[in-house]
Amino acid sequence: MEVRARAPGKIILAGEHAVVHGSAAVAASINLYTHVSLRFHSISDNDHTLKLHLKDMPLEFSWSIERIKEVLQEVGCPFSSTPTTCTPEFIKSIAALVIEQNIPEAKIGLASGVSAFLWLYTCIQGFKPATVVITSELPLGSGLGSSASFCVSLSAALLALSDSASLDFSHQGWSVFGENELELVNKWAFEGEKIIHGKPSGIDNSVSTFGNMIKFKSGSLTRLSSNMPLKMLVTNTKVGRNTKALVAGVSERTLRHPDAMKAVFNAVDLISEELSTIIQSPAPDELSITEKEEKLEELMEMNQGLLQCMGVSHASIETVLRTTLKYKLASKLTGAGGGGCVLTLLPTRIHFQILFIFGGIILVMTPLISIFSHCMLLYSMMNSMIKY
Ligand SMILES: Nc1ncnc2c1ncn2[C@@H]1O[C@H](COP(=O)(O)OP(=O)(O)OP(=O)(O)O)[C@@H](O)[C@H]1O
Ligand SMILES: C[C@@](O)(CCO)CC(=O)[O-]
Ligand SMILES: [Mg+2]
């Protein structure tokens with residue numbers, strides 16, 4: 001039997017990094033997904049391996065089940081019905097299994113994703129031979145939550161074929177997990193994110209699991225129902241970076257300047273709270289929509305300033321900020337920063353049929369792709385047009 005699962009990426013409207021330190025943050029899922037296909041090998045296959053095929057890279061990894069058992073059982077048995085954090089001993093053993101696969105140097109960032117795969121697979125399914133195929137519509141390491149959607153879709157596929165979830169496969173089409181199963185998927189995905197991010201807040205896996213728009217603070221999630229359609233332009237600077245290093249950098253700065261950083265995180269908390277209140281408040285007329293958008297733009301600019309204080313902006317991000325500001329558009333980085341993607345609010349006061357931007361290049365802004373939670377995304381049109 002083959003099971004397929006998918007989970008969306010996300011944008012963060014306010015509060016990234018500060019959310020790791022207990023502030024509120026607001027995130028929305030987007031309609032770009034990571035897809036996972038999982039198929040157990042049957043006896044007739046006579047294939048006693050675990051295969052991971054990262055189709056977009058393209059890379060294929062294969063371990064004999066005997067080898068996985070030999071290496072992992074030295075430190076214990078990972079198999080567990082409840083979400084478990086990978087211990088440093090298991091991390092070492094898993095790293096040995098990953099190193100054997102000789103990932104090319106240029107793609108070494110994938111090692112943490114492959115480690116998360118091995119942990120989630122062996123914890124949830126034990127030592128069963130199988131083939132797992134991954135494809136992703138998300139750019140990796142760009143702030144759109146590729147790591148979380150990878151962990152969520154993988155956990156969902158693994159749990160769908162485990163005894164912990166009761167899914168009805170009798171009909172064709174997508175099955176949807178119930179609330180309890182979603183909680184379980186989310187918890188396992190968080191364990192995967194810990195391997196990739198080091199110290200994740202849990203916001204990325206939560207929004208990828210539950211979809212729509214959420215406010216997230218100190219591990220707890222509030223679903224937001226927006227009353228205003230928001231159009232967001234997402235620009236990928238294509239400058240690579242790694243969330244783990246950026247999160248660690250902010251923690252180090254916090255150790256050096258605890259009081260100043262506390263004030264920064266507190267300010268971000270207030271921004272996220274105000275932003276979520278505005279998004280949820282009723283919108284009776286055009287005027288109030290414009291007023292709300294102006295407030296949101298200001299809050300995004302303030303949040304960006306505080307992200308600069310945390311040291312996670314980048315020259316490429318600043319270039320996008322300056323360029324959009326020329327057109328009186330407010331922008332902020334989204335996700336971990338240090339490169340990656342930038343959000344620009346496209347207010348209703350401007351009717352974007354055609355936008356002249358980036359040195360006179362004409363960008364046709366319609367049709368915009370609709371995404372969850374009333375946000376709109378125009379992704380990747382910019383990619384080929386921005387040169388740094
Ligand atoms: N489809 C995938 N296949 C394998 N590994 C993946 C995949 N998607 C993400 N990863 C893992 O996640 C890493 C990228 O995660 P990272 O958290 O740095 O960026 P992001 O999740 O895209 O951005 P952000 O965390 O800021 O939203 C990759 O280097 C890889 O290890
Ligand atoms: C930078 C960060 O705040 C968001 C990454 O999308 C990290 C996290 O919350 O886990
Ligand atoms: Mg990530």
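Around ligand 2 are 15 residues, of which E16, P200, S201, G335 and A336 are the closest; a residue is near a molecule if its C-beta atom, placed from the backbone, lies within 6 Å of it. Helices α6 and α7 (243-256) each supply at least two residues of this shell. Helices (H or I, at least four residues) and strands (E, at least two) are DSSP runs, numbered from the N terminus. By class, the shell around ligand 2 holds seven nonpolar, six polar and two charged residues. Ala, Val, Leu, Ile, Met, Phe, Trp, Tyr, Cys and Pro count as nonpolar, Asp, Glu, Lys and Arg as charged, and the others, Gly among them, as polar.

Where does ligand 2 lie relative to the two domains? Both domain 1 (2-222) and domain 2 (226-379) give residues to its shell, so ligand 2 lies between them.

Some conventions apply throughout. Residues are numbered from 1 along each chain as its sequence is written, and chains are lettered from A and ligands numbered from 1 in the order in which they are written. Because this is a predicted model, local features need pLDDT of at least 70 and side-chain atom pairs count only at pLDDT 80 or more, while totals for chains, interfaces and linings use all residues.

Next, select ligand 1. Its shell has 25 residues, and G113, S146, S147, T243 and G335 come nearest. At least two shell residues of ligand 1 come from each of α3 (110-125), β5 (130-136), α4 (146-160) and α5 (179-197). α4 gives the largest share, four residues. The shell divides into nine nonpolar, 15 polar and one charged residues. Domain 1 and domain 2 each contribute at least three residues to the shell around ligand 1.

Now colour by domain. The assignment for the protein chain gives domain 1 (2-222) and domain 2 (226-379); such bounds come from an automatic or database domain assignment. The contact between them takes 36 residues from domain 1 and 40 residues from domain 2, where two residues are in contact if their C-beta atoms, placed from the backbone, lie within 7 Å. On the domain 1 side, β1, β2, α5 and β6 each supply at least two residues, and β2 has the largest share with six residues. That side comprises 16 nonpolar, 17 polar and three charged residues.

Move to helix α6 (residues 203-210). Seven of its eight residues are buried: I203, D204, N205, S206, V207, S208 and T209. A residue is buried if 20 or more other C-beta atoms lie within 10 Å of its own, exposed if 12 or fewer, and partly exposed in between, with C-beta atoms placed from the backbone. The buried residues of α6 pack against β1 (2-14), β2 (25-40), α4, α5, β6 (213-217) and β7 (220-224). After the helix comes G211, with a positive phi near 70 degrees.

Select β6 next. Five of its five residues are buried, so β6 is largely enclosed by the rest of the structure. M213, K215 and K217 point one way from the strand, and I214 and F216 the other way. β2 and β6 run antiparallel and are joined by four bridges; strands pair if DSSP finds at least two bridges between them. The bridge partner of A25 in β6 is F216. β6 and β7 also run antiparallel, with five bridges, and K215 stands opposite T222 in β7. These two strands form a hairpin with two residues between them, and S218 in the turn has a positive phi of about 45 degrees.

D56 counts as exposed because it has 12 C-beta neighbours inside 10 Å. Leaving aside neighbours within four places in sequence, D56 is in contact with T135 and S136. D56 and E137 are 81 residues apart in sequence, and their C-alpha atoms are 9.0 Å apart.

Finally, show the whole chain. The protein chain has ten helices and 14 strands, and 45% of its 388 residues count as buried. Of the contacts with a separation of 6 or more, 73% are between residues 24 or more positions apart.
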